[in-house]
Amino acid sequence: CDPEVLRLIRRRSLARLRREIEPVEPTTLARFLPAWQGVDSGIVGLDRLAEVITQLEGLALPASVFERDVLPARVAGYRPQMLDELGSAGEVVWVGAGSLGRDDGRIALYRPDRLGLLLPTRSPGSDDDALGSWLYQALRAQLAERGASFHRELLAASFRAAEVAGQRRPGEREMLDALWDLVWAGEVTNDTFAPLRALRWPRRGGGRRTARPRSRSGTRMSPPEAAGRWSLVTDTLRTAAALTGAEPGGTEQRAALATTLLERYGVVTRDAVAAEGVHGGFGAVYPVYREMEERGRVRRGYFVEGLGGAQFAMTGAVDRLRSLRRDLGASRPSDPATVLLAAADPANPYGTVLAWPRDETRHQRTPARAAGAYVVLHDGELAAYLERGGKSMLTFRPFDEASCSAAVVEALRGLIADGRLKRLQIEKVDGQPIAESPFRSRLGELGFRQAYRGYVLGPA
């Protein structure tokens, strides 16, 4: 064999080995996360839904986003009855994790036997004082003494407590607001998902929901956001402890959290842990990952450029991440993936692990991971951000390509096709009235029609 051939083989082998340990670009992570979490996987059925819940377990997301965006993105043909079926079978419970205004708040899903391992410990604070009035105490007492209770039983308990305390009787709305305060504080939960869905129904006078059901006899029924049986989360925890045989210790909880984060993200970074608001931050799980590394269960390295040196990943995740890397200087593939995600979806790394792209020559506004907002990722790059309500859109560099803008509009059509929006009426692009936007004509070419207030996609 010619010596030059041997030298060439050696040079190429060394180059390949060096490439294997080089960090990937951040956009590669944005291609990896939706694939890792099974977005648009096309897999159907209850088994798939159970897998998704396992991967998202303990992650607090807006209740309005879970069933409208996150679960349908991962389970083909998702229907609310599927989640109800798992709930009635005792396979999943939900716990509130903070209010987001009058009609929304964050919730997290758990498997009952994992609740004690993953449920964050509540730390005493100002909320305890705010939820310390006689009405809150009356609701807690009813649930502690009688167990799971219906709305009418809680209302009657509040009336009795008012008489004892010498207070006026609370109205139904007042009692229900207090109950939901306890829900968002993580103290109370429900055995169904119906109350969470009812929060999205519009209100009418007096704070009642417009789609309120009636019985056949015409008698008045409980408000839809009060449906089902309410119970204390501590009761669910006791049931979980009975299933596992013992209450978990701090080491078990940290190990369970570390494993869950690996399953969710594949590659865990300091920013990913911070985005989830883990008590104690990255330092709480770092010793666990170090121990797992010593045992060969995870790998530590600099896998994604710009995200710090302390990155931990499953071996399979590292291989998959690097398989999605684009060679420097290589052109974009002829059919790059375009993914529409809720801005708050954990498969969207922008705004948490990755910073939002900035282009001050295009617009001054910074997107937010708000409920009701959407992002469109094109080959891992942020191409467009649709603000809540759909009337304003921010575009980013990839959108300038004709093929990308066409893919973005096609992705936005999905919001209308699956019923999340009746129609899309864009009035502003990059902070400018659409009449002044350079993309006005392109939107017209891609199926938008001009209307009085903007450009519309969907039924007239």
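Across which strands does helix H16 lie, and at about what angle does helix H16 run to E7? Helix H16, formed by residues 315-323, lies across E6, E7 and E8 and runs at about 45° to E7. The legends below describe this and other regions of a predicted model.

**Figure 1. Overview of the predicted protein chain.** The protein chain has 460 residues, of which 46% count as buried. Its secondary structure comprises 18 helices and 17 strands. Among contacts with a separation of 6 or more, 65% are between residues 24 or more positions apart in the protein chain.

**Figure 2. The open sheet formed by E6, E8 and E7.** Three strands make up this open sheet, in the order E6-E8-E7, and their pairing is antiparallel. Strand E6 (267-268) and strand E7 (299-301) are at the edges; each has a single partner strand, so one side of each is left without a neighbour in the sheet. Strand E8 consists of residues 311-313 and runs antiparallel to E6, to which two bridges join it. Within this pair, Val 267 stands opposite Ala 313 in E8.

**Figure 3. Helices lying across the sheet strands E6, E7 and E8.** Helix H15, which spans residues 282-294, lies across E6, E7 and E8 and runs at about 55° to E8. Helix H16 (residues 315-323) also lies across E6, E7 and E8, in this case running at about 45° to E7.

**Figure 4. Helix H2 and its surroundings.** Helix H2 covers residues 26-36, and eight of its 11 residues are buried, so helix H2 is largely enclosed by the rest of the structure. The buried residues are Thr 28, Leu 29, Ala 30, Arg 31, Phe 32, Leu 33, Pro 34 and Trp 36. These buried residues pack against several elements, including helix H3 (46-56), E6, H16, strand E9 (338-342) and strand E10 (374-378).

**Figure 5. The contact of H2 with H13.** Helix H13 (250-265) is one of the elements against which the buried residues of H2 pack. The axes of H2 and H13 come within 8 Å and cross at roughly 105°. The two helices, H2 and H13, are therefore roughly perpendicular to each other. From H2, the residues Phe 32, Leu 33 and Trp 36 meet Leu 262, Glu 263, Arg 264 and Tyr 265 in H13. By class, the contact of H2 with H13 includes five nonpolar residues, no polar residues and two charged residues.

**Figure 6. The packing of H8 with H9.** Helix H8 (residues 134-146) packs with helix H9 (residues 151-165) at an angle of about 125°, and their axes are 9 Å apart. H8 and H9 are therefore oblique to each other, and their crossing is right-handed. The residues of H8 in this contact are Trp 134, Leu 135, Ala 138, Leu 139, Gln 142 and Leu 143. In H9 they meet Glu 153, Leu 154, Ala 157, Ser 158, Arg 160, Ala 161 and Ala 162. The contact of H8 with H9 has nine nonpolar, two polar and two charged residues.

**Figure 7. Ser 392 and the residues that it touches.** Ser 392 is found in strand E12, which spans residues 392-395. Is Ser 392 buried or exposed? Buried means under 20% relative accessible area, and Ser 392 counts as buried because its relative accessibility is 11%. Leaving aside residues up to four places away in sequence, Ser 392 touches Arg 365, Tyr 385, Leu 386, Glu 387 and Lys 428.

Technical notes: Residues are numbered from 1 along each chain as its sequence is written. This is a predicted model: local features need pLDDT of at least 70, side-chain atom pairs count only at pLDDT 80 or more; totals for chains, interfaces and linings use all residues. Side-chain values use heavy atoms; hydrogens and water are left out. Two strands pair if DSSP finds at least two bridges between them. Helices (H or I, at least four residues) and strands (E, at least two) are DSSP runs, numbered from the N terminus. Contact means heavy atoms within 4.5 Å. Axes are lines fitted to C-alpha atoms, for helices over the stretch in contact, and angles run from 0 to 180 degrees between N-to-C directions. Angles under 35 degrees count as roughly parallel, over 145 as roughly antiparallel, 65 to 115 as roughly perpendicular and the rest as oblique. A crossing is left-handed if the near helix is turned anticlockwise from the far one by less than a right angle, and right-handed if clockwise. Ala, Val, Leu, Ile, Met, Phe, Trp, Tyr, Cys and Pro count as nonpolar, Asp, Glu, Lys and Arg as charged, and the others, Gly among them, as polar. Buried means under 20% relative accessible area, exposed over 50%, partly exposed in between (1.4 Å probe, protein chains only).
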